[in-house]
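Dear colleague,

Here is the structure for your files. My notes on what was found in it follow below.

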Amino acid sequence: MKEIVVSGIRPTGFLHLGNYFGAMRNYVRMQEAYDCYFFVADWHSLTTHPDTKELRDSVQRVLAENIAAGLDPEKACLYVQSTVPEIAELYMLLNMMAYKGELEKTVTFKEKVRQHPENVNAGLLTYPVLMAADILIHRAKYVPVGKDQEQHLEMTRNFAQRFNHRYGDLFPEPAAFNYGNELVKVPSLDGTGKMSKSENQMATLYLADSDDLIRKKVMKAKTDSGPTGPNSEMPDYIQNIFQLMSLVSEESTTQKFRDDFNNANIRYGDMKKQLAEDMVRFIAPIREQSERIYADKSYLNNVIAQGAEKARSSARQTIEAVREMLGLAYIR
């Protein structure tokens, strides 16, 4: 029996290179070796995006981009969070084991309060509890998460421990999963942080960007006049460009420019032109396939329905066990 993996992505903004290398690339590899449940987190998006006019389109686009990037609905369970009501029931029950103080201390909550001081809703506060329900409903062993979600995963383990201690052993304590020693963080083009779905869009490469826009963004990447002498220390923003190049370019290409830097004769304009063309070659096939899938609404509806059926089958088993252990199974 395969071990279970669960992960989700919010349908807000367009997917970008950071999403691909931080998560989606691993999803594609995981679907071959694990029992995978990958969902579009539409409930989560409501905590900061209460306007739902474009939500359906966003959900369909995220699914299309994930499939275009290599996810196979026949191998992994791809579903939309809100099509599995058992998650909401587990979320409500886990809230009885979550404390106001610990929720208020989460880094993401404090950050969202700073970003949206006019919209500090209960859903925002209990976001980690819903995330725990997403994971525990399938009794997942592994969760591929980015650095900003590691604290939430630790809270999920806490909720699993509390339930198991109070009511009996049901939930495994999920571990972070990544193919490599470190969780991947893809730098932004301006050297000020990581790529983002919503902030600083000209410094982020989206999987939906046109070839010309990719070139324009890469050519604007921050550089300087070059090293002052051989084997100079490399500034962070130049390291960022090398890191991006290492993701999409031939190793020999990256090494050539690294040698040029160490010999103090690097031409950043040439490096950025090379990186831009390699980025176009990498992103264009995903964008084109995604556009074809997104246009086929019948196919997408079938993917959503099929995913809901499989996800609910797993979720029902868990929620029935939870009701039994809590003494809430009144009808047999």
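Helices (H or I, at least four residues) and strands (E, at least two) are DSSP runs, numbered from the N terminus. This is a predicted model: local features need pLDDT of at least 70, side-chain atom pairs count only at pLDDT 80 or more, and totals for chains, interfaces and linings use all residues. Residues are numbered from 1 along each chain as its sequence is written, and side-chain values use heavy atoms, with hydrogens and water left out.

Overall build

The chain has 14 helices and five strands. Its radius of gyration is 22 Å, close to the 20 Å that the globule rule gives for 332 residues, so the chain is as compact as a globular protein of that length. That radius is taken over C-alpha atoms, and the globule rule is 2.2 Å times the number of residues to the power 0.38. Along the principal axes, the C-alpha atoms fill a box of roughly 75 × 45 × 45 Å. Of the 332 residues in the chain, 50% are buried. Buried means under 20% relative accessible area, exposed means over 50%, and partly exposed is in between (1.4 Å probe, protein chains only).

Strand S1 (residues 4-9) is mostly covered, with five of its six residues buried. S1 runs parallel to strand S2 (residues 35-40), and six bridges join them. Two strands count as paired if DSSP finds at least two bridges between them. Val5 has Cys36 in S2 as its bridge partner, and Gly8 stands opposite Phe39 in S2. Between S1 and S2 the chain passes through helix H1 (residues 17-33), and this β-α-β crossover is right-handed. Right-handed here means that, with the strands pointing away from the viewer, the path from the first strand over the helix to the second runs clockwise.

S2 is largely enclosed by the rest of the structure, because five of its six residues are buried. S2 also pairs with S3 in the parallel sense, over four bridges. The bridge partner of Phe38 in S3 is Leu78, and Val40 stands opposite Val80 in S3. In a regular strand the side chains alternate between the two faces of the sheet. In strand S3 (residues 77-80), Cys77 and Tyr79 point one way and Leu78 and Val80 the other way, and all are buried.

Aromatic rings and charges

Searching the whole structure gives 10 aromatic pairs. Rings of Phe, Tyr and Trp (its six-membered ring) pair if their centres lie within 6.5 Å; planes under 30 degrees apart count as stacked, over 60 as edge-to-face and the rest as tilted. One of the pairs is Tyr20 with Phe21, edge-to-face at 5.0 Å centre to centre and 85° between the planes. Both Tyr20 and Phe21 are buried. Ring pairs also link Tyr20, Phe21 and Phe282 into a cluster.

Phe163 and Tyr167 form a tilted pair, because their ring centres are 5.2 Å apart and their planes are at 50°. Both residues lie in helix H9 (residues 150-167), four residues apart, about one turn of the helix. An α-helix has 3.6 residues a turn, so residues three or four places apart point the same way. Phe163 is buried at a relative accessible area of 1%, whereas Tyr167 is partly exposed at 33%.

Two charges sit over rings, on the criterion that NZ of Lys or CZ of Arg is within 6 Å of the ring centre and within 35 degrees of the ring normal. Arg61 lies over the face of Phe14, 3.7 Å from the ring centre. Lys256 lies over the face of Phe257, 4.5 Å from the ring centre.

Asp296 lies in the loop between helix H13 (268-295) and H14. Asp296 counts as partly exposed, at 37% relative accessibility. Its C-alpha atom is separated by 9.4 Å from that of Ala64, 232 residues apart along the chain.

Helix H14 (residues 297-326) has 30 residues and reaches 41 Å from its first C-alpha to its last, close to the 44 Å expected at 1.5 Å a residue. The expected span is 1.5 Å times one less than the number of residues. Among the buried residues of H14 are Leu300, Ile304, Ala308, Ala311, Ala315 and Val322. Gly327 follows H14, and its phi is positive, near 80°.

Regards
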